[in-house]
Amino acid sequence: MVEIDPNVASENLLKACREDDEETAMEYLEGKDIKVDYIDQENWTPLAWACCNGNEKLTKILLKEHNAGAMYMQQKEEDEEEVVSNDPFKKPQIASEVGKYTPLHWASYKGHHRIVWMLLKEGLSPLDIDVFGNTAVHQAAASGTLPVLE
């Protein structure tokens, strides 16, 4: 493998995941300095794209071998430290404090029930809300994906 700047490699990994190019993504994941928590300007990560595209193999590798789900759980822990209320359904007063779409939101909306299960087992929360106050369950219901709801 040719040595490449870690930022460029991380950006290329995101692009490969966005295009559902599993072979190229796997090549980048072999790199030592790859940042699986790379976020583009629109708040997409390699894990979010893999989940949105329904790529089970890539999702599993990102979760198990690269701990890509940790960034979503870490953000939740930081947010919980700031919250005074114990009500998990209480929407923050300022919309910008609400979380972004998580990989669980995308997998739920797209009906990728096996990926939803992987993400839940990994510890991503079904209670995380997007900027509109929707959970992953709302996303599944909105798209009519019954297998996710079951």
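Me: Why is asparagine 55 called buried?

Reply: Buried means under 20% relative accessible area, exposed means over 50%, and partly exposed lies in between, with a 1.4 Å probe and protein chains only. Asparagine 55 has 8% relative accessibility and therefore counts as buried. The model is a predicted one, in which local features need pLDDT of at least 70, side-chain atom pairs count only at pLDDT 80 or more, and totals for chains, interfaces and linings use all residues. Residues are numbered from 1 along each chain as its sequence is written, and side-chain values use heavy atoms, leaving out hydrogens and water.

Me: Where is asparagine 55 placed, and which residues does asparagine 55 touch?

Reply: Asparagine 55 sits in the loop between H3 and H4. Helices here are DSSP runs (H or I, at least four residues), as are strands (E, at least two), numbered from the N terminus. A contact requires heavy atoms within 4.5 Å. Apart from residues up to four places away in sequence, asparagine 55 touches Asp20, Glu22, Ala50 and Ile115.

Me: What makes the approach of asparagine 55 to glutamate 22 a polar contact?

Reply: A polar contact is a pair of N or O atoms within 3.5 Å; within protein, one must be able to donate a hydrogen and the other to accept it, and residues adjacent in sequence count only if both atoms are side-chain atoms. The side chains of asparagine 55 and glutamate 22 are joined by such a contact at 3.2 Å. At the start of H4, a side-chain oxygen of asparagine 55 also comes to within 3.4 Å of the backbone nitrogen of lysine 57. A polar atom of the asparagine 55 side chain lies 2.9 Å from the backbone nitrogen of leucine 58.

Me: Which residues of H4 are buried, and what covers them?

Reply: Leu58, Thr59, Ile61, Leu62 and Leu63 are the buried residues of H4. Their cover includes H1, H2, H3 and H7. Leucine 58, leaving aside neighbours within four places in sequence, is in contact with Cys17, Ala25, Met26, Leu29 and Ala50.

Me: What makes a group of residues a nonpolar core, and which members of the largest one touch the most others?

Reply: A nonpolar core is a set of buried Ala, Val, Leu, Ile, Met, Phe, Trp, Tyr and Cys residues joined through side-chain atoms within 4.5 Å. The largest such core has 34 residues, of which Leu13, Leu29, Val36, Leu47, Leu58, Leu62 and Leu119 touch the most other members. H3 gives the largest share of this core, six residues.

Me: Why is methionine 26 called partly exposed?

Reply: Methionine 26 has 21% relative accessibility, so this residue counts as partly exposed. Methionine 26 belongs to helix H2. Beyond residues up to four places away in sequence, methionine 26 touches Lys57, Leu58 and Ile61. The C-alpha atoms of methionine 26 and isoleucine 61 are separated by 8.9 Å, with the two residues 35 apart along the chain.

Me: How do you know that tryptophan 44 and tryptophan 49 are stacked?

Reply: Rings of Phe, Tyr and Trp (its six-membered ring) pair if their centres lie within 6.5 Å; planes under 30 degrees apart count as stacked, over 60 as edge-to-face and the rest as tilted. By this rule there are three aromatic pairs. Tryptophan 44 and tryptophan 49 lie 3.7 Å centre to centre with 15 degrees between the planes, and the pair is stacked.

Me: Why is the pair of tyrosine 101 and tryptophan 106 called tilted?

Reply: The planes of tyrosine 101 and tryptophan 106 are at 50 degrees and the ring centres are 5.5 Å apart, so the pair is tilted. Trp44, Trp49, Tyr101 and Trp106 form one aromatic cluster. Tyrosine 101, at 31%, counts as partly exposed.

Me: How many helices and strands does the protein have, and what is its mean pLDDT?

Reply: The protein has nine helices and zero strands. Its mean pLDDT (the predictor's confidence in each residue, from 0 to 100) is 84, and 81% of the residues reach 70 or more. Over residues 91–98 the pLDDT is below 50, and this stretch has twelve contacts in the model beyond near neighbours in sequence.
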